[in-house]
Amino acid sequence: MKRIVCIIGLTILIFSCGSKKRAVSKTNRSKPKTERVVKQPENKQNNAVSEPTRTANTIELTGTPTEQYIQLYSPIAQNEMRLYGIPASITLAQGILESGSGKGRLSVEANNHFGIKCHEWTGAKIYHDDDARQECFRKYNDARYSFRDHSLFLKERKRYYKLFELQLDDYRGWAKELRAAGYATDRKYPDKLISLIERYQLYKYDEAVLGKTSEINSVGIGLTHQIMKGDTLYSLSKRYNTTVEEIKRLNNLKSNDLTIGNVLIVKSK
């Protein structure tokens with residue numbers, strides 16, 4: 001009888017231990033599920049925080065839309081002149097004319113300042129009524145790429161080769177040859193470019209690149225400087241005979257940090 005009781009007790013003990021083990025095992029298996037559910041929103045939050053943000057020193061633009069356009073894009077046009085031998089005055093005048101001083105649909109929605117059509121383009125596109133309905137035009141992420149594409153467009157096409165036989169300070173010759181080479185069908189296109197160049201004295205940007213003048217008074221705001229590698233507020237203050245504090249005041253700078261490619265006002269008008 002005692003043996004039977006012992007056997008029954010031992011059976012109950014084994015059964016209860018097995019139940020506990022299965023319960024623990026079930027709990028362990030559920031943990032990874034709980035961790036995965038909690039981890040997903042954390043990953044999403046981390047991804048959102050890690051997205052790149054754009055920070056840059058900016059200048060306050062003044063004057064008419066055309067004057068503001070010149071203030072904003074003249075340093076880019078001068079850099080293209082140095083790299084590709086296209087007068088900054090011509091680039092600026094074409095940009096003003098083709099983009100409506102940056103207010104036209106192509107420039108606003110596609111950063112296309114020169115009305116360059118798709119041709120063999122494989123990038124982003126926008127469709128716009130021009131000579132025909134819904135023609136294909138190139139679309140850029142940044143206006144700077146539009147200026148670069150304009151330089152390459154002229155430099156790499158054989159029909160524009162005569163442009164590069166002209167002097168860089170001969171903006172009249174460049175304006176006339178552009179139409180002669182087929183850039184525009186408007187008979188008054190050269191006159192329009194020349195009028196803009198002379199009205200806003202855009203030839204001064206050519207002269208500065210060519211070393212004929214040491215300073216440029218940017219329309220409406222005074223003397224400006226495009227930040228290059230190695231520039232500091234101290235070096236600029238010495239170069240333009242001013243002070244670090246004055247440059248920071250003119251540009252509303254809170255620190256001494258500079259961003260290459262940005263434009264600073266170094267002297268007020």
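Predicted model: local features only at pLDDT ≥ 70, side-chain atom pairs only at ≥ 80, totals over all residues.
Colleague: How many helices and strands are in the chain?
Modeller: The chain has 10 helices and 5 strands. Helices (H or I, at least four residues) and strands (E, at least two) are DSSP runs, numbered from the N terminus.

Colleague: And what percentage of the residues count as buried?
Modeller: Of the chain's 269 residues, 37% count as buried. Buried means under 20% relative accessible area, exposed means over 50%, and partly exposed is in between (1.4 Å probe, protein chains only).

Colleague: Let's pick one residue. Where is glutamate 80?
Modeller: Glutamate 80 sits in helix α2, residues 65-84.

Colleague: Buried or exposed?
Modeller: Glutamate 80 counts as buried, because its relative accessibility is 3%.

Colleague: Which residues is glutamate 80 in contact with, leaving aside neighbours within four places in sequence?
Modeller: Gly85, Ile86, Phe147, Arg148 and Ser151. Contact means heavy atoms within 4.5 Å.

Colleague: Staying with α2, at what angle do α2 and α3 pack?
Modeller: About 135°, with the axes of α2 and α3 (residues 88-99) 8 Å apart. Axes are lines fitted to C-alpha atoms, for helices over the stretch in contact, and angles run from 0 to 180 degrees between N-to-C directions. That angle makes α2 oblique to α3. Under 35 degrees counts as roughly parallel, over 145 as roughly antiparallel, 65 to 115 as roughly perpendicular, and the rest as oblique.

Colleague: Which residues of α2 and α3 make the contact?
Modeller: From α2, they include Thr66, Tyr69, Tyr73 and Met81. From α3, they include Ala88, Leu92, Ile96 and Ser99.

Colleague: New topic. What does the count of salt bridges come to?
Modeller: The count comes to 10 salt bridges. A salt bridge is a side-chain nitrogen of Lys or Arg within 4 Å of a carboxyl oxygen of Asp or Glu.

Colleague: Which side chain does arginine 138 meet in a salt bridge?
Modeller: Glutamate 120, at 3.9 Å, N to O. This pair links distant parts of the chain, 18 residues apart: arginine 138 is in strand β2 (residues 135-138), and glutamate 120 is in the loop between α4 and β1 (125-128). Arginine 138 counts as buried at 5% relative accessibility. Glutamate 120 is exposed at 56%. Glu120 and Arg138 are also linked with Asp149 and Arg157 in a network of salt bridges.

Colleague: Which helix do arginine 105 and glutamate 109 lie in?
Modeller: Helix α4, residues 105-110. Arginine 105 and glutamate 109 are 4 residues apart there, about one turn of the helix. Their side chains meet in a salt bridge at 3.3 Å, N to O. Arginine 105 counts as partly exposed at 36% relative accessibility, and glutamate 109 as partly exposed at 45%.

Colleague: And where do glutamate 246 and arginine 249 lie?
Modeller: Both lie in helix α10 (residues 244-251), 3 residues apart. Glutamate 246 is partly exposed at 24% relative accessible area, whereas arginine 249 is exposed at 51%.

Notes:
Residues numbered from 1 in each chain as written. Heavy atoms only, no water.
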